[in-house]
Amino acid sequence: MMDRPLTGPQDGIGPSRYDADREDLEALIAEIGETTDTAVPSYRVDQLWRGLYSDLVDPNDVTTLPKTLREALAERLPAALVEDTRSVGDDGDTVKWLWRLADGSLIETVLMHYEDRSTVCVSTQAGCAMACGFCATGQMGFDRHLSTGEIVEQVIRAQMEAGNRRVSNVVFMGMGEPLANYDRTWAAVERLHGDLGLSARHLTISTVGVIPGIRRMANERLPVNLAVSLHAADDDLRDELVPINRRYPLADLAEVCAEHVAATGRRLSFEWALIHNVNDRLEDADRLAAYARPLGAHVNLIPLNPTPGWPTRGSSPARVREFAKEIRSRGGNATIRRTRGTEINAACGQLRADRSNVEGHPTDPVTVATPKRRNPSR
Ligand code: SF4
């Protein structure tokens, strides 16, 4: 019998195939052997592992395994993700999925092909408790943490879709706050690195600034990239846009970011969703450049995608360009991120928000108040 039972994401939901590590699979194969009274040689686990992580196939299709074992494994190790909706945009270069999990929760994954790389953006929670007002996921509230297997399988499914184009980068920037689900997120990082062969420098964890989690990342063996969703560089405005700032204010956040840079040698990046007349003014550029410069942080400017429950709008393309110029003229580094998939609702949580509206889901997005921005200067 397995002395370390495989666990699923929460009570009542069984483990999925990518929740199991090698030891779990060894135990499971031995257990199946016992129940069918057949001795199963230990190399079977290597064959299964190769099937799952190299050939990316269902246990039933690992043809090196005997049929009875395949069938038993397929039954005991179901897929975590069932495709609910799949949307393709940008001439096939962006694919977005809405997946239904075993308990009915809905999560999103986006695959983006660029000339030089293919990137998958994964979710780490169903919903999110961080309540950032401009974010469709934040407006829906928190359902639950995802398991390691549910996170890893998003990358596997994206790689299956990508075919010959290798998924080279993974960003933990989908639904949820990765560092609020630290252990499972980090186990997924190790699996992606160790078993799918993704380089740590091509893995990026994005956070709204959960300081204890950033500190833990700084002490990990694998130096992955850190992206902080900053959106405001003064505490008053950030308290409104990103409520976790009330617990982890900007000065403390800068300190722990510096620790991460020193410990890992990785470049830090700040994400900044530009919101018309809220955080796209000259003084915002001033504060942002002054905050980012000492940390050597790179600023990614993102024109805000419209979300149904947020009454403000993103900055115009001209204003975005001007803001980038202002950051650079103050000695900062800034790139304008091309928004992918606006036409397929690829902003975080939007596909699920649409589905919730259709189904009358109890977590329909709510309208949130416009931030009380003082005297917009332009
Ligand atoms: S922006 Fe990120 S952290 Fe904030 S509510 Fe949305 S998913 Fe959560």
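Predicted model: local features only at pLDDT ≥ 70, side-chain atom pairs only at ≥ 80, totals over all residues.
View 1. The crossing of α1 past α2 is right-handed. To find the meeting point, look for Arg22, Leu25, Glu26 and Ile29 in α1, which meet Arg44, Val45, Leu48 and Trp49 in α2. Sorted by class, this contact has five nonpolar, no polar and three charged residues.

**View 2. Helices α5 and α6 cross each other.** Here the axes of α5 (residues 148-162) and α6 (residues 182-194) come within 8 Å, with a crossing angle of roughly 40 degrees. That angle makes α5 oblique to α6. The crossing of α5 past α6 is right-handed. On the α5 side, the contact is made by Thr148, Ile151, Val152 and Val155, and on the α6 side by Arg184, Thr185, Ala187, Ala188, Arg191 and Leu192. By class, the contact of α5 with α6 has six nonpolar, two polar and two charged residues.

**View 3. Residues surround the ligand.** How many residues surround the ligand? There are 13, and the closest are Cys128, Met130, Cys132, Cys135 and Gly138. The shell around the ligand contains eight nonpolar, four polar and one charged residues.

**View 4. Residues 357-378 have pLDDT under 50.** For this stretch, the model has 35 contacts beyond four places in sequence. The chain averages a pLDDT of 86, and 84% of the residues score at least 70.

Key
Residues numbered from 1 in each chain as written. Near = placed C-beta within 6 Å. Nonpolar A, V, L, I, M, F, W, Y, C, P; charged D, E, K, R; others polar. Axes fitted to C-alpha atoms, helices over the stretch in contact; angles between N-to-C directions. Helix = DSSP H or I, 4+ residues; strand = E, 2+ residues; numbered from the N terminus. Parallel < 35°, antiparallel > 145°, perpendicular 65-115°, else oblique. Left-handed = near helix turned anticlockwise from the far one by under 90°. Contact = placed C-beta atoms within 7 Å. pLDDT = per-residue confidence, 0-100.
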